[in-house]
Amino acid sequence: MSIKSFKTQILIFYILFMFVNSIIPINTKGLWRYADIFHYVEFFILGLLFINAIIDAHLDINKFLIGVFILTLIPAIDESLQYFIDIPGRVADFHDFVIDIFGVYSGAVCFVVIHKLKNKNG
């Protein structure tokens, strides 16, 4: 994964966007009922982008395991920001962390399956 790679630059921009979005105060209570969906989709996209950025020509198990470790850290950092910084309308929640993890792993696995099927079928 090279910092000069367009895939890596998009990934870094997306992660920064997520962290900034995480510390912006929220005053709209009507959107809270969709928060789980937002969390899942946001981190699903992260999983797709991350695995896409670490794949060069092929995906080996070591890259994937390192990716899984890093993909576990990002939701932890995201929820920690909300825990340690007093942000109006934002609270750190273990439930959100679990949904984030499920979303990021789902996105990563989905990308790997699509990548494997694409390479198998030409």
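Trainee: What covers the buried residues of α1?

Mentor: In this predicted model, the cover over the buried residues of α1 includes α2 (35-54) and α3 (61-84), where contact means heavy atoms within 4.5 Å and helices are DSSP runs of H or I, at least four residues, numbered from the N terminus. Residues are numbered from 1 along each chain as its sequence is written, local features need pLDDT of at least 70, side-chain atom pairs count only at pLDDT 80 or more, and totals for chains, interfaces and linings use all residues. Side-chain values use heavy atoms, with hydrogens and water left out.

Trainee: Which residues of α1 are buried?

Mentor: They are T8, L11, Y14, I15, M18, F19 and S22, with buried meaning under 20% relative accessible area, exposed over 50% and partly exposed in between (1.4 Å probe, protein chains only). Seen down the axis of α1, the buried residues fall within an arc of 135°, taken from the directions from the helix axis to the C-beta atoms, so they line one face of the helix.

Trainee: And which exposed residues are on the face turned away?

Mentor: That face of α1 carries F6, F13 and L16.

Trainee: New topic: what does L71 touch?

Mentor: Leaving aside residues up to four places away in sequence, L71 touches L46, G47, F50, I51, I101, V104 and A108.

Trainee: How confident is the predictor, on average?

Mentor: The mean pLDDT, the predictor's confidence in each residue from 0 to 100, is 83 for the protein, and 90% of its residues reach 70 or more. Among the elements, α3 has the lowest mean (85) and α2 the highest (89).

How values were computed:
Helix = DSSP H or I, 4+ residues; strand = E, 2+ residues; numbered from the N terminus.
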